[in-house]
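User: I would like to learn how to read a few features of a protein model. Could we go through them one at a time?

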Amino acid sequence: MQVTETLNEGLKRGYAITVPAGELEAKVTEKLEEARKDFQMKGFRKGKAPAALMKKMFGKSVLGEAMQETIDQAMRDHFEASGDRPALQPEVKMTNEDWQEGQDVQVSMTYEALPKVPEVALGNIALERLVVEVDDAAVDDALQNLAKSAQSFDDRDAGAAAEDGDQVVIDFKGSVDGELFEGGTAEDFPLVLGSGSFIPGFEDQLVGVTAGEEREVKVNFPADYGAPNLAGKDASFAVTAKAVKAPKPAEVDDALATRFGLESLDDLKAQIRTRLSDEFADAARQVTKRRLMDALDGLVSFDLPPSLVNIEASQIAHQLWHEEHHDHHGHDHGNIEPTDEHRKLAERRVRLGLLLAEIGNAAEVEVSEQELQRAVFEQARQYRGQERQFFEFVQKNPQALQQIRAPLFEEKVVDHIIGLANVTDKPVTKDELQKEIEALDDAATPEAAPADA
């Protein structure tokens, strides 16, 4: 077998593979002989069927298998000898399409090789880890919010006008162009003014209403409203206020704790303190991870496989388009062309993905089967009532399983790097941490593209 290089530009590689006719014939003979051992043909003892007859009966089907196996072996030998790792599945095709049995097989193989990723001195990376102490004030704030969420509503005095934050119990009938529309009618509906439960403008027009009063509320459905038959249209609601109620926060006491399944207020405070500590730690880790990614991105530079960048840029463009058009849930839109900004983000993701994969593989970071199964179960919960179908889909689609494994691998590699980096704890307040998180959201940048561990 002969392998000749035809292309070597950047990361692009091309090879011409020649499988000699004699080698292919020997492979066919070998496979036929192996099959003949257990073959029973009428008139012959088991394993004694004539080789010529076997070739006449099964030669063509065995030839295809032999050809594929020979080419696959040539590819494996090439990658083992060259050390190349293809970024995507190599493109392989026969170049002598008029091939006939007895001739050499000519095959071309092209691919983009994964680049050599430079080593990084992880111990030289300096990071600040934000640390927030859960003080009594934070626990008290959380308790007050909890009490507010558990609030009840008491009737206001007769004739009292509804205020923002009050609950009004209403009947309403909505119409567009004088016709009632589906879903626009309800009775005894408890609406908290200022909650944003209804379309913009509706709740504002009920501030000041009194029990027993009737009002006409006029609104305009947003252009991106979920129901296409109502989107952008003017609507009128005939509203009757049946009751006006003032909010009454729950008392912060043992009874509040009991409502949440705990025995005492002290138990509730302890649980809140633990939850806040976990939340602050998770938020601080987001900041640390972003700073780590920025540091890594500034430390390395290497050629990127164009195919991976193109795929990633298309995915980013598609994702951001749907975030801007959140009412469009299908994929029946036209082609979304990535911009230069999308490509810049894609290059960062691919570069960091390859770097993290290299660091993780060198450190023998692994995702255990238990960790993977736990993640699969977590995702299955998002498909309530269809969990079985989700499990079957994941089992039959290795790519779907890899998409679940990849972020787990990334997080473990990040932990590994942080463990080796020069990390300094920096005490901050809850508000300072919140500002850091908001800054991350404002400059939201996809991090590392999932890489095969």
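**Reading backbone, core and surface**

Analyst: Let us begin with a position: Asp 188 lies in strand β8. Please keep in mind that this is a predicted model.

User: What is the phi of Asp 188?

Analyst: The general idea comes first. Most residues other than glycine have a negative phi. Asp 188 is not a glycine, yet its phi is positive, at about 50°.

User: Where is Asp 177 found?

Analyst: Asp 177 is in the loop between β7 (167-176) and β8 (179-192). Although not a glycine, Asp 177 has a positive phi of about 55°. With a relative accessible area of 72%, Asp 177 is exposed, since exposed means over 50%.

User: Which residues have the most contacts inside the largest nonpolar core?

Analyst: In soluble globular proteins, nonpolar side chains tend to be buried together. Here the largest nonpolar core has 39 residues, and Ile 125, Leu 292, Leu 296 and Ile 417 have the most contacts inside it. Among the elements that give two or more residues to this core are α5, α6 (306-324) and α10 (398-420). The element that gives the most is α7, with eight residues.

User: Which residues form the negative surface patch?

Analyst: Asp and Glu count as negative. In this model, a negative surface patch is formed by Asp 254, Glu 263, Asp 266 and Asp 267. Of these, Asp 266 is placed in helix α5 (residues 265-299), and Asp 266 counts as exposed at 57% relative accessibility.

How values were computed
Residues are numbered from 1 along each chain as its sequence is written. This is a predicted model: local features need pLDDT of at least 70, side-chain atom pairs count only at pLDDT 80 or more; totals for chains, interfaces and linings use all residues. Side-chain values use heavy atoms; hydrogens and water are left out. Patches are made of residues with over 30% relative accessible area and no salt bridge: like charges are joined within 9 Å, nonpolar side chains (Val, Leu, Ile, Met, Phe, Trp, Tyr) within 5 Å. Accessible areas come from the Shrake-Rupley method with a 1.4 Å probe; for residues, only the protein chains shown count as cover. A salt bridge is a side-chain nitrogen of Lys or Arg within 4 Å of a carboxyl oxygen of Asp or Glu. The place of a charge is taken as NZ of Lys, CZ of Arg, CG of Asp or CD of Glu. Helices (H or I, at least four residues) and strands (E, at least two) are DSSP runs, numbered from the N terminus. Buried means under 20% relative accessible area, exposed over 50%, partly exposed in between (1.4 Å probe, protein chains only). A nonpolar core is a set of buried Ala, Val, Leu, Ile, Met, Phe, Trp, Tyr and Cys residues joined through side-chain atoms within 4.5 Å.
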